[in-house]
Amino acid sequence: MSAESLILFFIVGAFLVGIAILFSSYIPPKSTNPQKSETYECGIPTEGITWLQFNVGYYLFAIVFLVFDVETVFIFPWARVMKTAGTKGFVEIIIFFFVLGAGLLYAWKKGALKWE
Amino acid sequence: MLVMRHELLLVIITVILLLVEIFLPKDQKHKIILPAILLFTIVTILGFLPGITGELFGGMYVSTALTMTMKNILNIGTLIVFIQSVSWLKKEENKEKISEFYLLLLSTLIGMDYMISSGDFMMFYLGLELATIPIATLAAFERYREKSAEAGVKLIFTSALSSGILLYGISMIYGTTGSVYFTDVKAAFEATPLQILAFIFFFAGMAFKIAIVPFHLWIADVYEGAPINVTSYLSVISKGAAVFILMIILYTVFAKIAIIWRDVLYVTSIITMTVGNLFAIRQRNIKRFLAFSSIAQAGFILLGLIGQSQLGMTTVIYFVLIYIFSNLAAFGVAGIIANVTGKETIDDYDGFYRTNPLLSLTMMLALFSLAGIPPVAGFFGKFFLFAAAAQKGFYILVFIAVLNTIISLYYYLLVIKAMFLNTSDQPIGYFRSDNYTRIGLLLCVAGILVIGFASPVYEFILNLSYGLY
C-alpha cells in the first residue's frame, strides 16, 4: 500500500458518484407539470411565511422528554439482569434515578413544564 | 482511595449545588457563591491526596499518576476562575443565573477529566463533548448582549464541525484496526495511507479545539463575544485539557507514525506562532489581543510536543501550568477593569499605573510571564520547551520560535507601555477591587513568581513522565 492507492481511491470514488449523478439526470424521460413540482409531503401548499420563530417551549419539552427517554434506555437492561446485578446494581440504579430526578426537579422549578 | 476520585468528587459537588439551587429562594441566589467556592477548594485539595492508579470498565478508563497531575492542574485553574468570576456574577443581570455558571463549569471539568483519563476513543469522545457543549452555553451566558449570543452560536457550530471531522478520523482508525481501545489500536497500527489519513482528520479535529492555525478562525470572535471570565476559562483550562489528551494520544496511539506527526507539528507550530503573533500586534481590544496571544502560545506548546521524549512531555505540562497562572492573571485584571468600568480596549489603559498601581503591576507580571522575561515563571517554561525541541535537533524550529518570542515581546510591551508610560486626559479612575478578585489575582501572582524557581515542581512532573508512555 502506498499513497497512490489512496489517491486512486478518491479519483474512483469521485468518478463513480459523478457518473451516477450524470446518468440519473440524462437517462430518464423528463416531463414537468405544475402538479408534479408541488410539495407533496404534507398535502396542502403552505400558507404565509415558513421562516417563523417557534416557541422555545417546544425545545424545553423535548429536553425534559429526554430525561425519561434516557431513563428507559438504562432501566431496561438493568431490569433484564436485575437478579444477577444484585444489591450493587440496585444501589447504582437508585443513584442514577436520583441524579435524573434532580434534573427533572430543576426543570420543574424553573418552570420548564409550564406552557405559556 | 478510589481510582475515579477526581470525577466522582466533581459529580458529587455538582449534584449538591444543583439541589441547593433547586431549594434556594429566588432572591437569595447569591448565597451559593461561597459554598460553591469552598466545596471546590476542598475537591481541589482532596485531588492532591495520593491515589491508586488503575483501570476501570475494562480499560475504558485509565488513571495514572500523570493523568492525576493533569487533573490537579486543571482543578487549580478552575478554582482561580471560580474566584475571579465572583464580581462579574454579582452584577444585577447575572444574579439569577449564578449557580448555573458553576454547574456548567463543573460539567465541563468533569468532561475534561474523563477525556484525559480515557483509555479508548469512545470515552475520549464522550468526555470531549461533555467538555464542549456546556462551554457554548457559557459563552452565550449574557444572552441580552448580541455578541455573547453570537459567540455561543459560533462556538457550537465550530465544535460540531470539528467533532464531525474528529469522528471521521476515529471511524477510519476503527475501520482499519478493528478496535477503539488505545492499546489495541497501538498494537494494530501499521501506518497505511488510510491510517495516516485518519491521523490527519483526528489532528484537524483536535486542532480546532486547541485553536491551531489554520483552524483558529473562530477564536477571535468567540473570545471577544463571550463574557471575559468564560473567555479566560476557554483559553486556559479548555485548551490545556485538549493539549494534554492530544499529547497522550500522539505519544501512545500514534507512536508508530511519529515521523509523520512530527512533520505535521513542525509546520503547524511555525504557522501558528507566526500568525498568532502577527495578528496580535494589530488588535486594540484586550480580549481579541489575548485571543491571538493564546494562539501564539499554542504554537509554542506544539514545539514541546515535537520533542517526543520524557523531557518534551514534562515541559508541556510544566508550560501549561505556568500558562494557566499567567493567562488567568492577565484575564483577571482585564476582567475586573471591564466589570467596573466597561472598558475593553488597550487605548483605555493609558495612564492606568497612576490610578491603580497594584493592578498594573499584576498585569505587567502576567504579560512578562507570557512573553518569557527571565525572573518570572514564563521564562523557565519557554526555556525548557526550547530545550526539549533543541535536544531532538530541531534547531531551525527553535530559531524561528525565538524570533517569534521577540515579536511577542513587542506587543506585550505595547500594553505595558500604555499602562505605565502613556498619559491620558481621562484615565480609568481609582477603584477598589473586591476581596475575591484580590485572592484570585494573588494566587496567580504567587504562581507566576514561585513556580519558576520551584524546581521540585518540575522534577515532580519529570519523575511522573518516566516510563509511563
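A residue counts as buried if 20 or more other C-beta atoms lie within 10 Å of its own. The legends below describe close-up views of a predicted model.

**View 1. Ser63(B), a residue of strand β2 of chain B.** Strand β2 of chain B runs over residues 61-63, and Ser63(B) belongs to it. Is Ser63(B) buried or exposed? Ser63(B) has 24 C-beta neighbours inside 10 Å, and therefore it counts as buried. Setting aside neighbours within four places in sequence, the residues in contact with Ser63(B) are Val3(B), Met4(B), Thr53(B), Gly54(B), Met68(B) and Ser117(B). Ile337(B) lies 274 residues from Ser63(B) along the chain, and the C-alpha atoms of the two are separated by 40 Å.

**View 2. Helix α1 of chain B, residues 5-23.** The buried residues of α1(B) are His6(B), Glu7(B), Leu9(B), Leu10(B), Ile13(B), Thr14(B), Leu17(B) and Glu21(B). Because they cover an arc of only 160° around the axis, they sit on the same side of α1(B). An α-helix has 3.6 residues a turn, so residues three or four places apart point the same way. On the other side of α1(B), Ile12(B) and Phe23(B) are exposed. What covers the buried residues of α1(B)? The cover includes α3 (82-109) of chain A, along with α2 (33-47), α3 (65-84) and α5 (98-116) of chain B.

**View 3. The contact between chain B and chain A.** Here 9 residues of chain B are in contact with 10 residues of chain A. On the chain B side, the elements that give two or more residues are α1 and α9 (193-210). Of the elements on this side, α1(B) gives the most, with 5 residues. By type, the chain B residues that touch chain A divide into 7 nonpolar, 1 polar and 1 charged.

**View 4. Helices α2 and α3 of chain A.** Two packed helices are described by the angle between their axes and the distance between the axes. The axes of α2(A), residues 57-80, and α3(A) come within 10 Å and cross at roughly 175°. This angle makes α2(A) roughly antiparallel to α3(A). Residues of α2(A) that meet α3(A) include Val64(A), Phe74(A) and Trp78(A). Among the residues they face in α3(A) are Met82(A), Ile93(A), Phe96(A) and Leu104(A). The residues of this contact divide into 13 nonpolar, 2 polar and 1 charged.

Terms used. Residues are numbered from 1 along each chain as its sequence is written. Chains are lettered from A and ligands numbered from 1 in the order in which they are written. This is a predicted model: local features need pLDDT of at least 70, side-chain atom pairs count only at pLDDT 80 or more; totals for chains, interfaces and linings use all residues. Helices (H or I, at least four residues) and strands (E, at least two) are DSSP runs, numbered from the N terminus. The expected span of a helix is 1.5 Å times one less than its number of residues. A residue is buried if 20 or more other C-beta atoms lie within 10 Å of its own, exposed if 12 or fewer, and partly exposed in between; C-beta atoms are placed from the backbone. The arc is that of the directions from the helix axis to the C-beta atoms. Two residues are in contact if their C-beta atoms, placed from the backbone, lie within 7 Å. Ala, Val, Leu, Ile, Met, Phe, Trp, Tyr, Cys and Pro count as nonpolar, Asp, Glu, Lys and Arg as charged, and the others, Gly among them, as polar. Axes are lines fitted to C-alpha atoms, for helices over the stretch in contact, and angles run from 0 to 180 degrees between N-to-C directions. Angles under 35 degrees count as roughly parallel, over 145 as roughly antiparallel, 65 to 115 as roughly perpendicular and the rest as oblique.
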